[in-house]
Structures are given as C-alpha cells and as structure tokens.
Amino acid sequence: MGRDKRYDHYESYDYLDDDAYEQFDLPDVHAGFDPYEVPLSDDEEARLNTVLEDAVISLHDHPFYFPEHLAEDIQDYIRAGRARTAFRALSETPLDAVFDMHLDGLSHIHSHHGWKWSEIVHDVTMRAADIQHSDYGIRASGIEDIERARENGQLAFVPALESAAMIENELDRLDQLYGMGIRSIGVTYDASNSLGAGKGGVYEIDGGLTTFGVDAIARMNDLGLAVSTSHASKQTTLDVCDVTDEPIFDTHALAQGAGMGKRGTSDEELEAIAATGGVIGLLSSAHLPSIDEYMEHFEYLVDLVGIDHVAFGPDVLYGDHTELLRVLAADQGVELPDSTLQTEYVRGLENPTEAWQNIPRWLVKEGYSDRDMEKVLGENILRVLNETWV
C-alpha cells in the first residue's frame, strides 16, 4: 500500500495516566457494519501500489473516535474536550495528510451551542498537544510538512475549522487562529454569522457576504489561510469567489445536479469555485448508500469543472455516524431531513480507514490514468495550498 507507515503504537493521550482524565468505551473500527473492499485483480493491485507512491490527501475528515455508547456518553465525551485520534486506524490508510476538522459545531465544551472562542481554542490546542506526542502524526503548517510526512511514512494533520463564527467581529482572531496552527477555515457552518449567510436557514433568506465578511476574506488571503465555502449559502459562496484574491476550497460537497437536492451545491457555485482556481472535495458522510453512488457524484463534478478542480473530502469519522446525527438532533429538538439519512452506513466509505482504502481502489478499477489519479488524490490540493499558504 504505497509507502510503509511509521506507526509508533501511540494512542491518544498516552503521555498521561488513564486516571488523569475521563475514560470512555470506544468502538471497533468496523463496529456496527460489515467492512467492504473494492475488489481488484493482481495486476490492478500492483498498479495501485504504484499510484499510492504519490501524495494522498483528504480535504475533509474528522479522524477521531466518538464513543461506542453514543446516547449515554456523547455529551460527557464532548464536554471532556479530549477527542481520541484514531492513530492506529489511520496508519492503515494510504493517507499522507488529512484536513482535521476538529469537533467544530460539536465543540460545546463550555456552552450548549458551541462555536465559542474558548471552546475552539480548547479543542484546537488539546488536539495539538496529543498529535505532537506521536512520532507518527505531525501538525502541518506548510507544504514542506506534508512532503516530509509522505517521505517518512507519517501522517500530516492539517488543522482546519468549518466556520469562522468564533471570531465574532474581531479580525485579529484570524491571526490568533493562524498562530495556533489553523491553515484552513470555513466562512459559515449552516447558521449565519458576522461574515455571511449560512446554508441552513429555515426561511431561505440569503444576504450573502457581509462587509465584515469581505474584510475577513482579505485577512485570510493575507495570512495564508485557505478559505472554504462549505455550508455557506449560495450568495455567500458566489460573493467569496468574487472577492477572494486566492483559490478557494469547498472542502466537502455534493452536487445538486447529480441528484442531491437542497443539501447539494449548485452548478453555478461549483463552477465559480473552480474559476478561482479552487478545488471541490467530494462529500460522503451519511448521505449516500455506497461508494458507487459517491463516485457518480465524482464523475459529475469532473465533467462539470474538470479533473484539475476535484478532490475527496469524505467527512467521515470513527463511530456510528448516522446514530451520532440522530442523537444530536434529538438533543437539539430538531428533525433530520430525509436527505441526511439515506442509509444506516455508506458501504465502502463508513470511516476514514475504509474510505481511503477504497477511493484509490475504485479509481484504479475504473481505469483512470495515473496522471488523473495523481491530481484528484493529492496534487490538486497541493496546487491550491502552494498558492494560498504563505
């Protein structure tokens, strides 16, 4: 499987005694579903190993465990503020780097609704302390860290956030986040904030990017923070594409035009992102039944914006993702839309290990050229980072 991984057997927070923090039962990697592997012939297996010599990067995942007993433990697990990174399971993937999206909207460590400044700081710095105690995992602050991880069989964690809600009306907080290691940030996460309108509004009011949001995008560009429009409203996305001086990401998206409906992103937005020189990461999460439907969206995106503007951002985690969404919705008193729960699990893509074993296998099986696979598995992302990171 490409380069040998230098996993050092470190588990999350091994530098502390178990009695130093609250313990939770964690699920097995394949708990609750039957693992699936895209079948390959011997010749295809040999070709896969060659393909995996090049950079493999996830544009969007949550590479940590949620507790096995979700209904009973999820709130205590979150409030404890120590998400357990799945180092061993990640070492079984071909990944050289992963955009680590932290707890994000689930970071209600100190409050009920999350996204508070203190909560994001807690989550980001606690995960940094954990990762920095592992010889296998490293935090990526620049392209050279990703290249070093690839050469040394390590995994580079790119610290990322899905929203800028926590900066409130203070631009300098973007500088502080950069100083804490954050290298990619979203504009909104469904709910609108001081930067712009989110995609999750009940009343379909779309005011787009605010004046403060324009200033924030400029600061992100100046800092070298890669911008993402995932979860932003249509007008906010188009506005960001209009004002940015750098290529942008949608780190995890599905296409409305491929049958996703409201949860998807319109062709107009996808084409605008590509027009900045940007890249769209393909979302899986709990929205599709299997890797085959996932790859139908991939082929739709490639046909729409071209092979140079597509990558993969599955947005998966370790644990029962569908049950997690149900438990959280019940806690917040909301009803999940049907489009959010298409299946109990996504066959072939249920967590980062299964997803990143299968995505390259599917590409090889379908006969994609080495050059096209090199682009979508990592090079497209690296191109944008070379332009945006300073």
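**A walk through the fold**

Of the 390 residues in this protein, 59% count as buried. Keep in mind as you look around that this is a predicted model.

Let's begin with the whole chain. Its secondary structure comes to 13 helices and eleven strands. Taken along the principal axes, the C-alpha atoms fill a box of roughly 55 × 55 × 40 Å. How does the radius of gyration fit with a compact globule? For 390 residues, such a globule would have a value near 21 Å, and the protein has 19 Å, which agrees. The contacts tell you something about how the chain comes together, too. Take those between residues at least 6 apart in sequence: 75% of them join residues at least 24 apart.

Now let's visit a pair of helices. Find helix α1, residues 42-51, and helix α12, residues 352-365. Their axes come within 10 Å and cross at roughly 120 degrees. Angles of 65 to 115 degrees count as roughly perpendicular and those over 145 as roughly antiparallel, and α1 and α12 are therefore oblique to each other. The crossing of α1 past α12 is right-handed. Which residues meet here? From α1 come Glu 44, Glu 45, Arg 47, Leu 48 and Val 51, and from α12 come Pro 360, Arg 361, Val 364 and Lys 365. Sorted by class, this contact has four nonpolar residues, five charged ones and no polar ones.

Next, follow the chain to Ser 284, in the loop between β10 (279-282) and α10. Is Ser 284 buried or exposed? Its relative accessible area is 0%, and buried means under 20%, so Ser 284 is buried. Leaving aside residues up to four places away in sequence, Ser 284 touches Tyr 294, Gly 313, Pro 314, Val 346 and Leu 349.

Terms used:
Residues are numbered from 1 along each chain as its sequence is written. This is a predicted model: local features need pLDDT of at least 70, side-chain atom pairs count only at pLDDT 80 or more; totals for chains, interfaces and linings use all residues. Side-chain values use heavy atoms; hydrogens and water are left out. Axes are lines fitted to C-alpha atoms, for helices over the stretch in contact, and angles run from 0 to 180 degrees between N-to-C directions. Helices (H or I, at least four residues) and strands (E, at least two) are DSSP runs, numbered from the N terminus. Angles under 35 degrees count as roughly parallel, over 145 as roughly antiparallel, 65 to 115 as roughly perpendicular and the rest as oblique. A crossing is left-handed if the near helix is turned anticlockwise from the far one by less than a right angle, and right-handed if clockwise. Contact means heavy atoms within 4.5 Å. Ala, Val, Leu, Ile, Met, Phe, Trp, Tyr, Cys and Pro count as nonpolar, Asp, Glu, Lys and Arg as charged, and the others, Gly among them, as polar. The radius of gyration is taken over C-alpha atoms; the globule rule is 2.2 Å times the number of residues to the power 0.38. Buried means under 20% relative accessible area, exposed over 50%, partly exposed in between (1.4 Å probe, protein chains only).
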